[in-house]
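Dear colleague,

Please find below the structure that I am handing over to you, followed by an account of what was found in it. I would be grateful if you would read the two side by side.

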Amino acid sequence: MDIATLKQLHPDHWDRAAAIRALAMDAVQAANSGHPGMPMGMADVATVLFSKHLKFDAADPDWIDRDRFILSAGHGSMLLYALLHLTGYADMPMEELKNFRQLGSKTAGHPEYGHAKGIETTTGPLGQGLATAVGFAIAEEALRARFGRKVIDHYTYVIAGDGCLMEGVSHEAIGLAGMQQLGKLIVFWDDNNISIDGEISLSDVTDQRARFKAAGWQVMSCDGHDPEDIDSAITRAKSSKKPTLIACKSHIGFGSPNKQDTKGAHGSPLGEEEIAKVREIYGWPHPPFQIPGEIAAWWAEVGARGKAAHDAWQGRYDGLSAGRKREIARVFAGEAPKKLAATIRNFKKAASEAGAKVATRKASENVLAAVNPVMPETIGGSADLTGSNNTLTPDLGIFSPADRKGRYVHYGIREHGMAAAMNGLALHGGIRPYGGTFLVFTDYARGAMRLSSLMGVPAVYVMTHDSIGLGEDGPTHQPVEHLAALRAFPNMNVFRPADSVETAEAWELALTAAATPSVIALSRQGLPTVRTDHKTKNLTAQGAYVLAEAEGKRQAILIATGSEVAIALAAREALHAEGIGTRVVSMPSWELFEAQNEAYRKRVLPAGPVRVAVEAGLRFGWDRWLFGERGKREKSGFVGMHGFGASAPAGDLYSHFGITAEAVADKVRDLVAGKWAPDPRT
């Protein structure tokens with residue numbers, strides 16, 4: 001539908017949508033940076049969605065049964081900011097729109113979770129919003145099954161662009177959503193045929209409608225500028241038992257005489273002269289950032305309209321039992337159940353007393369078997385490695401179209417899609433997600449894991465087969481650089497526990513984190529229990545601690561993680577036999593140790609003794625603890641990997657690569673004797 005026809009047939013709608021378009025043009029121009037074309041093209045879809053379908057209450061943006069709206073095409077952020085302002089969100093005044101893309105503003109270049117209410121998730125990396133929305137939709141289904149339709153019954157709406165659909169994560173996401181028959185997930189495809197480089201045909205010939213249909217979606221099309229056609233499509237989508245793609249044929253930069261339907265409207269301001277022409281075409285004579293009173297009042301009424309549905313919901317909620325309401329409030333507040341701490345303490349005590357040799361991936365399963373029954377908000381899963389990750393416990397049941405009360409998701413070989421869905425599960429509220437794969441495959445999940453850190457989403461990544469200790473699968477599956485890469489993330493806790501006790505402590509910290517995701521790196525091979533003396537205190541919370549003290553004069557400190565802690569303890573025994581007093585420090589979390597005060601870190605890593613770090617990964621990052629923190633380069637060494645692994649049994653690999661107690665002891669002997677040498681390089 002062209003502008004003249006749209007104005008003639010739907011004059012009120014035109015003016016209301018034009019308010020979004022004008023704000024987008026003006027904000028991008030004021031910032032001299034941004035993407036005006038997408039908001040101009042999808043303003044009609046957004047106007048129909050928000051005014052006729054979206055269930056929300058601008059006065060209470062955190063209402064748990066609101067519909068979720070996710071702008072996966074995050075470059076078009078001014079579409080969302082304009083909608084939040086117009087509908088009356090308190091923290092989106094006009095001043096924020098005027099400060100678009102400026103330091104300290106809530107209106108970042110791409111929507112950022114936590115900056116303002118109504119931004120459900122951070123988007124911008126294309127495809128992430130769509131994939132995260134799958135997690136939102138799974139959460140809605142699971143919570144509706146748990147608490148009932150009177151409390152949880154809402155939709156997840158997404159606007160995605162061509163770029164979102166080209167990103168590989170979209171394939172993982174739509175396959176999972178189709179298989180799970182997430183009927184309350186509705187995606188609007190902004191089918192404008194333009195990307196930054198130009199027309200989509202330059203890079204892609206995919207039949208997106210056929211792709212979604214093949215993945216089990218209902219697929220529809222509409223004129224993205226015809227409000228009646230848009231309304232009809234949404235109405236039909238809401239009755240589907242399948243997720244729905246609505247292909248909205250639109251014009252990027254709608255109304256721009258020189259830039260509509262071109263890449264020129266995509267990622268740069270239109271320019272003052274072009275905006276003046278657009279205003280004339282729109283019939284919009286108002287100055288920048290000025291919305292006529294009648295239009296502003298209509299939009300404000302849209303924002304308040306949801307109060308009736310909210311009040312009706314509140315009545316139903318108030319009728320629940322006190323216990324039911326407390327539980328709902330608890331899980332949506334992200335508070336751990338009171339029984340969790342005692343459950344972990346009891347597990348630790350039993351593990352210390354048993355002293356068994358257990359792979360930490362199995363120890364993790366044992367922890368989950370104790371925790372999942374007392375923490376019903378957990379939803380676990382694995383990227384097709386359930387038997388290897390040990391992430392399924394008997395009480396969970398399988399989440400599926402036939403059983404929405406199941407708490408375990410078979411994600412398939414979709415590491416990236418799994419991580420993004422976990423973000424959505426956590427962001428929705430009421431869910432504590434965890435998911436597993438091999439540590440090496442964090443490479444596939446990294447885009448979504450980075451957003452976990454950026455948003456402060458406490459997802460738990462259960463990453464097993466954490467070193468060359470996995471053995472015969474060889475270097476393609478043996479992570480060597482991955483611990484360093486994950487530790488490089490800001491706001492990510494990386495745990496590498498040494499035994500069942502540290503594994504339980506890591507899980508306790510991960511499941512009680514408020515705004516930090518966790519990676520728990522776990523061994524394939526069996527490890528001895530090193531914490532045989534039960535301590536109620538969570539020592540892993542300190543990041544590092546003295547596991548075994550030196551006998552006699554302290555001449556060396558061994559710092560180790562995970563499977564190498566036992567190696568360090570064996571080296572200590574050999575060194576003590578020679579009169580070289582050696583302290584062993586277990587360091588399950590660099591991040592938490594770094595967060596301790598100087599006095600504690602100094603007690604654990606005092607100046608003086610030589611230091612040797614032991615880890616079956618690369619040295620990268622270890623110098624922070626070896627000759628930072630009062631250490632000296634010429635009194636430090638590293639025993640670990642210096643290149644990729646190889647295919648062989650685990651024991652042979654540790655010997656081949658020199659990660660043995662004897663190698664550690666030799667390193668200490670040389671350093672104590674003043675014989676320092678640089679590490680070998682592959």
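This is a predicted model: local features need pLDDT of at least 70, side-chain atom pairs count only at pLDDT 80 or more; totals for chains, interfaces and linings use all residues.

Contact, as the word is used in this message, means heavy atoms within 4.5 Å.

Strand E19 (residues 610–618) runs parallel to E20, and six bridges join the two. Within that pair, Val-614 has Val-639 in E20 as its bridge partner.

The parallel sheet

A second open sheet is formed by six strands, in the order E10-E9-E11-E12-E14-E13, and its pairing is parallel. Here strand E10 (408–410) and strand E13 (493–495) are the edges: each has a single partner strand, so one side of each is left without a neighbour in the sheet. The twist in this sheet averages 20° from one strand to the next. Strand E9 (residues 378–382) and E10 run parallel and are joined by three bridges. In this pair, Gly-381 is opposite Val-409 of E10.

Two helix pairs

Two packed helices are described by the angle between their axes and the distance between the axes. For helix H2 (residues 11–31) and helix H4 (residues 77–86), the axes cross at roughly 120° and come within 9 Å. H2 is therefore oblique to H4, and the crossing is right-handed. On the H2 side, the contact is made by Ala-19, Ile-20, Leu-23, Ala-24, Ala-27 and Val-28; on the H4 side, by Met-78, Leu-79, Ala-82, Leu-83, His-85 and Leu-86. Of the residues in this contact, 11 are nonpolar, one is polar and none is charged.

Helix H6 (residues 128–147) and helix H18 (residues 415–428) have axes 6 Å apart and pack at an angle of about 55°. H6 and H18 are therefore also oblique to each other, and their crossing is right-handed. Among the contact residues are Gln-128, Phe-136 and Glu-140 of H6, and His-416, Asn-423 and His-428 of H18. This contact comprises nine nonpolar residues, seven polar and one charged.

A histidine in a loop

His-75 is located in the loop between strand E1 (68–71) and H4. Is His-75 buried or exposed? Its relative accessibility is 14%, and since residues under 20% are classed as buried, His-75 counts as buried. Apart from neighbours within four places in sequence, the contacts of His-75 are His-35, Met-38, Gly-109, His-110, Leu-126 and His-266.

Yours sincerely

Methods:
Residues are numbered from 1 along each chain as its sequence is written. Side-chain values use heavy atoms; hydrogens and water are left out. Axes are lines fitted to C-alpha atoms, for helices over the stretch in contact, and angles run from 0 to 180 degrees between N-to-C directions. Helices (H or I, at least four residues) and strands (E, at least two) are DSSP runs, numbered from the N terminus. Angles under 35 degrees count as roughly parallel, over 145 as roughly antiparallel, 65 to 115 as roughly perpendicular and the rest as oblique. A crossing is left-handed if the near helix is turned anticlockwise from the far one by less than a right angle, and right-handed if clockwise. Ala, Val, Leu, Ile, Met, Phe, Trp, Tyr, Cys and Pro count as nonpolar, Asp, Glu, Lys and Arg as charged, and the others, Gly among them, as polar. Buried means under 20% relative accessible area, exposed over 50%, partly exposed in between (1.4 Å probe, protein chains only). Two strands pair if DSSP finds at least two bridges between them.
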